[in-house]
Amino acid sequence: MASVVVEQVSKKYVTPSGDACLALQDLNLNIEKGEFFALLGPSGCGKSTLLHIIGGLNSADGTILINGEPVRGPGLNRGIVFQEYALFPWQTVIENVAFGLKMKGVPKKKRLQTAREYLALVGLSGFEERYPDQLSGGMKQRTAIARALAFDPEVLLMDEPFAALDAQTREILQAELLKIWEKTGKTIIFVTHSIEEAVFLAQRVAVITARPGRIKKIVDIPLPDQRYAEEDIRSSAAFSGVRHELWKLLSEEVVNSGALSGLGAEPSQTAIANPAVKQVLQPVSPVLQERGNDA
Amino acid sequence: MKIRILQFGAILLLLSAWQILPAHNIINPNFLPPLSETARTLHELVVTKQLQGHILISLKRIVYGLGIALLVGYPLGLLMGWFRNFEKVVDAPLQAGRQISALALFPVFILIFGIGEFSKAIIIFWASFWPILLNTTVGVKNIDPILIRSARSMGARHINFFLNIIVPASAPSAFTGIRLGASYAFMVLVAAEMVGANKGLGFLVLNSQETFKIPEMYAAIVTLCLFGLLINHLLLSLEQRSTQWRQVRARN
């Protein structure tokens with residue numbers, strides 16, 4: 001049985017100027033248990049919105065099933081890792097990691113013990129009593145990953161978790177995430193706008209179209225699961241082959257999204273993969289616009 | 001270290017001016033007795049246990065007035081910050097109320113509640129209620145929405161959500177409101193004790209002036225100043241203890 005099923009999901013929202021906008025249209029996905037699945041798309045295509053819908057943080061038309069159970073809101077069978085880390089600054093690292101367990105009603109001693117185990121898993125033993133503001137970006141995101149894993153969710157939802165990190169830290173965390181995935185066997189849905197990241201991490205990559213977001217194609221990544229162990233896999237023929245295929249699919253969408261219009265530039269590969277460029281070009285994301293209603 | 005010396009020097013300069021200027025008749029010592037005389041009077045008031053009585057009654061009034069303001073203003077501020085529609089409903093009357101000076105309402109309170117302790121507590125309440133309410137509301141409204149989403153995703157709901165997210169996240173702003181409230185409470189306390197009281201530090205200030213016990217008047221003013229500093233210091237250390245994470249942030 002599929003772990004996560006997305007059936008005919010559409011999402012409309014109203015822009016601040018009062019226009020109706022279709023962010024996602026008739027989206028269907030079947031993600032297997034234990035699969036590492038990436039959602040790849042141009043900025044503003046609604047891939048983060050889809051992730052938040054699966055997380056139960058946004059409402060939408062259509063159905064989401066987790067192990068056959070329909071999603072009606074947030075729940076501890078899904079853990080979310082946000083790009084902005086979203087750690088609670090008033091809590092120490094270990095309190096942050098234990099938070100989900102606390103909400104679950106796990107007694108203090110037990111939850112701190114579990115939190116310690118997950119901190120060890122992400123390589124943060126010894127940092128239990130620090131506050132998030134005392135950590136580097138990479139350490140914050142490790143904490144956030146430990147926090148999302150600690151309450152043992154079925155599915156890990158990751159919303160561009162490494163986008164704000166420097167290139168070196170990002171590569172280290174990507175490899176570590178694969179090891180964590182191997183150890184925990186979680187189903188992971190990973191949102192990214194980086195082709196390289198999607199290829200390096202995922203078993204399958206769904207390319208999302210420019211707004212309204214739909215599945216353009218699902219591409220199998222022909223790399224072994226333990227690809228992190230192989231030396232410089234990013235330079236292998238298999239890697240660049242599939243990367244090129246995704247690049248072609250994605251570049252059409254970047255043009256369609258109009259993200260590069262007005263600059264008079266062809267969508268070069270670097271422009272697509274470069275987060276800095278993306279951020280400059282990024283239209284206001286639907287997630288941001290909805291914040292007011294949700295809060 | 002250098003700053004410390006200069007800080008100390010500034011205080012010393014002020015105190016020596018207070019001593020030297022009246023002592024050499026540059027300022028009329030009848031209107032401003034030198035520091036030494038004020039200190040002596042203060043000491044006398046303490047030894048004869050007069051001052052303790054005034055302090056105690058003033059403190060009691062502050063505790064009641066500020067206490068009620070805290071008990072009403074803080075929860076109301078949390079609710080107003082979180083429930084936008086509730087805020088919209090109560091906003092207009094609260095904005096109007098906020099504009100009315102506590103001193104303007106004192107005659108009203110005396111009229112309704114008499115001249116006793118209750119009307120004094122109410123007037124102090126009125127002055128300190130607003131900063132507590134408004135700063136708590138702002139603190140809740142300014143919570144980063146991503147933290148709210150994050151907490152929701154981990155199943156934080158209802159009372160759990162309020163206690164684990166709303167309360168700590170808004171604490172810094174709420175504390176600012178409480179400290180402001182405390183200083184307003186002091187201002188109004190003195191005024192209230194000048195109008196209708198026969199005890200308390202505010203009474204002591206005015207009564208000493210009326211009976212021309214000028215050193216006593218200054219002794220009372222100094223006491224008020226020290227009293228205010230002490231309360232502010234206590235609140236500040238309480239704040240620092242309960243929002244340790246912010247000290248960390250400031251250091252980084």
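Helix α4 of chain B (residues 84-99) has 16 residues and spans 22 Å from its first C-alpha to its last, close to the 22 Å expected at 1.5 Å a residue. The expected span is 1.5 Å times one less than the number of residues. Helices (H or I, at least four residues) and strands (E, at least two) are DSSP runs, numbered from the N terminus. The model is predicted: local features need pLDDT of at least 70, side-chain atom pairs count only at pLDDT 80 or more, and totals for chains, interfaces and linings use all residues. Residues are numbered from 1 along each chain as its sequence is written, and chains are lettered from A and ligands numbered from 1 in the order in which they are written.

α4(B) bends by about 50° at B:Asp91. A proline, B:Pro93, follows within four residues. The bend at a residue is the angle between axes fitted to the seven residues ending there and the seven starting there. Of the 16 residues of α4(B), the number buried is zero, so the helix lies largely in the open. A residue is buried if 20 or more other C-beta atoms lie within 10 Å of its own, exposed if 12 or fewer, and partly exposed in between; C-beta atoms are placed from the backbone.

Helix α8 of chain B has 38 residues. Its end C-alpha atoms are only 46 Å apart, short of the 56 Å that a straight helix would reach at 1.5 Å a residue. A kink of about 60° lies at B:Ala171 in α8(B), shortly before the proline B:Pro172. B:His158 also belongs to α8(B), which covers residues 158-195. Phi of B:His158 is near 50°, a positive value in a residue other than glycine. B:His158 counts as exposed, with 7 C-beta neighbours inside 10 Å.

B:Lys49 also has a positive phi, near 60°. This residue lies in the loop between α2 (35-47) and α3 (50-82) of chain B. B:Lys49 is exposed, with 8 other C-beta atoms within 10 Å. In chain A, a cis peptide bond joins A:Arg211 and A:Pro212, with omega about 0°. A:Pro212 sits in the loop between β9 (204-208) and β10 (215-220) of chain A. Most residues other than glycine have a negative phi, and most peptide bonds are trans.

Chain B has 11 helices and zero strands. Its C-alpha atoms fill a box of roughly 70 × 55 × 30 Å along the principal axes. Of its 252 residues, 37% are buried. Chain A has 11 helices and 10 strands. Of its 295 residues, 45% are buried.

The largest nonpolar core has 135 residues. Such a core is a set of buried Ala, Val, Leu, Ile, Met, Phe, Trp, Tyr and Cys residues joined through C-beta atoms within 7 Å. Among those with the most contacts inside this core are A:Ile54, A:Phe190, B:Ile123 and B:Ala185. α8(B) gives the most to this core, with 14 residues. Beyond its neighbours within four places in sequence, A:Ile54 is in contact with residues including A:Val4, A:Ile64 and A:Leu157. Two residues are in contact if their C-beta atoms, placed from the backbone, lie within 7 Å.

The contact between the chains takes 22 residues from chain A and 18 residues from chain B. α7(B) gives the most to the side of chain B that touches chain A, with eight residues.
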